[in-house]
Amino acid sequence: MVGFCEARRRGGAWLVRIDDADRQRCRQTHADSILRTLETHGLWWDEAVLFQSRRDEIYRVALERLAAGSRVFPCTCPRRELAGSGPIYSGRCRARYPRPPAGEHALRLRVGDAVIGFDDRLQGRIEQDLGSAVGDFVVRRRDGLPAYHLATVIDDAEQRVTEVLRGVDLLDSTPRQILLQQCLGLPRPDYCHIPVLTDRGGIKLSKQAGARPVDADAPSENLWTVLALLGFVPEPALIGAKPAEILDWAVAHWDIRRLPPGRRIDVGGLAV
Ligand SMILES: [Zn+2]
């Protein structure tokens with residue numbers, strides 16, 4: 001909803017993408033239900049929905065380009081070994097395979113001594129030394145699927161995204177995506193990381209964390225609740241209004257600088 005209001009307020013297009021490259025985890029019915037929920041809430045998108053599951057060939061070509069430039073190397077480290085070495089990859093396979101091994105392997109990007117900085121619209125200047133913060137990271141998984149970061153930067157470019165607006169929980173992954181843009185010669189969009197809604201314990205609300213699904217029968221109430229959490233309380237005249245009217249009001253009064261400061265919005269016991 002933040003992205004929708006921001007795009008509408010600035011006269012831009014609001015795009016929807018279904019990150020379903022991992023078909024095991026994301027089934028078509030799940031995508032349908034996301035799109036239906038958006039429709040019910042009046043959150044109409046401006047261009048065709050992009051499904052990552054239909055773009056294997058495009059990701060494959062990008063991986064070939066990275067391989068041709070020796071930017072990637074095969075990694076056969078079993079998952080349990082990686083789990084023991086903490087969040088930073090040790091570089092164990094970096095010089096190990098003169099030729100790609102025959103068995104299943106992931107591909108990792110060499111990050112070298114890259115230090116990536118960018119100015120986030122809400123979070124300010126962010127800098128990350130990729131070597132010490134994450135190490136060489138996976139761009140193609142062992143099962144052959146593109147890793148999230150790779151698919152994201154390719155699709156941002158494909159959809160001509162000029163501003164990425166997303167939860168602050170993804171802030172740390174942005175330098176990796178910027179490095180990938182540099183490697184692939186893709187334009188860098190502007191970034192704006194917004195606070196995430198959390199429970200009282202500071203855990204981001206999500207299905208995995210046990211949050212209740214959005215009640216599709218109460219779209220106006222849902223919009224109202226989220227707007228209030230973001231610091232925009234609609235006029236009382238809009239009580240009982242249709243979602244489209246509430247969104248019109250929200251866009252007219254929208255100012256992203258008025259979002260609550262910090263990285264978390266505690267929803268406490270609120271029903272969202
Ligand atoms: Zn490895």
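**Salt bridges, a zinc site and a helix**

Arg-125 has a relative accessible area of 48% and counts as partly exposed; buried means under 20% relative accessible area, exposed over 50%, and partly exposed in between, with a 1.4 Å probe and protein chains only. The model is predicted, so local features need pLDDT of at least 70 and side-chain atom pairs pLDDT 80 or more, while totals for chains, interfaces and linings use all residues. Residues are numbered from 1 along each chain as its sequence is written, and side-chain values use heavy atoms, leaving out hydrogens and water.

The side chain of Arg-125 meets that of Glu-127 in a salt bridge, at 3.5 Å from N to O. A salt bridge here is a side-chain nitrogen of Lys or Arg within 4 Å of a carboxyl oxygen of Asp or Glu. Glu-127 is exposed, at 56% relative accessible area. By this rule there are 19 salt bridges. Side chains of opposite charge can pair when their charged atoms come close.

Another of these pairs is Glu-6 with Arg-10, at 3.0 Å from N to O. Glu-6 has a relative accessible area of 5% and is buried. Both residues belong to a network of salt bridges that links Glu-6, Arg-10, Arg-121 and Glu-163.

Which residue forms a salt bridge with Asp-22? The partner is Arg-141, with the closest N and O atoms 3.3 Å apart. Arg-141 lies in the loop between β7 (137-140) and α6 (148-158) and Asp-22 in the loop between β1 (17-18) and α2 (28-40), so the pair ties together parts that are 119 residues apart in sequence. Helices (H or I, at least four residues) and strands (E, at least two) are DSSP runs, numbered from the N terminus. Asp-22 is buried, at 12% relative accessible area, whereas Arg-141 is partly exposed, at 28%.

The next site holds a zinc ion. Its protein donors are Cys-75 (SG), Cys-77 (SG), Tyr-89 (OH) and Cys-93 (SG), at 2.1 to 2.3 Å from the ion. Donors are N, O and S atoms within 2.8 Å of the metal (3.2 Å for Na, K and Ca), and sites may look incomplete because water is not among the atoms. Along the chain the donors have the spacing C-x1-C-x11-Y-x3-C. Cys-77 lies in the loop between β3 (72-75) and α4 (79-84) and Cys-93 in the loop between α4 and β4 (106-109), so this pair ties together parts 16 residues apart in sequence. Cys-77 and Cys-93 are buried.

Why is the arrangement around the zinc ion tetrahedral? The four donor atoms subtend angles of 102 to 119 degrees, and four donors count as tetrahedral if all angles lie between 85 and 135 degrees.

Helix α3 (residues 56-68) has 13 residues and spans 18 Å from its first C-alpha to its last, close to the 18 Å expected; the expected span is 1.5 Å times one less than the number of residues. Tyr-59, Ala-62, Leu-63 and Leu-66 are the buried residues of α3. Down the helix axis they fall within an arc of 100 degrees, so they line one face; the arc is that of the directions from the axis to the C-beta atoms. These buried residues pack against β3, β4, β7, α6 and α7 (174-184), where contact means heavy atoms within 4.5 Å.

Just after α3, Ser-70 has a positive phi of about 55 degrees, although Ser-70 is not a glycine. Ser-70 sits in the loop between α3 and β3.

Note on methods: Tetrahedral: all angles 85-135°; square planar, octahedral: opposite > 155°, others 65-115°.
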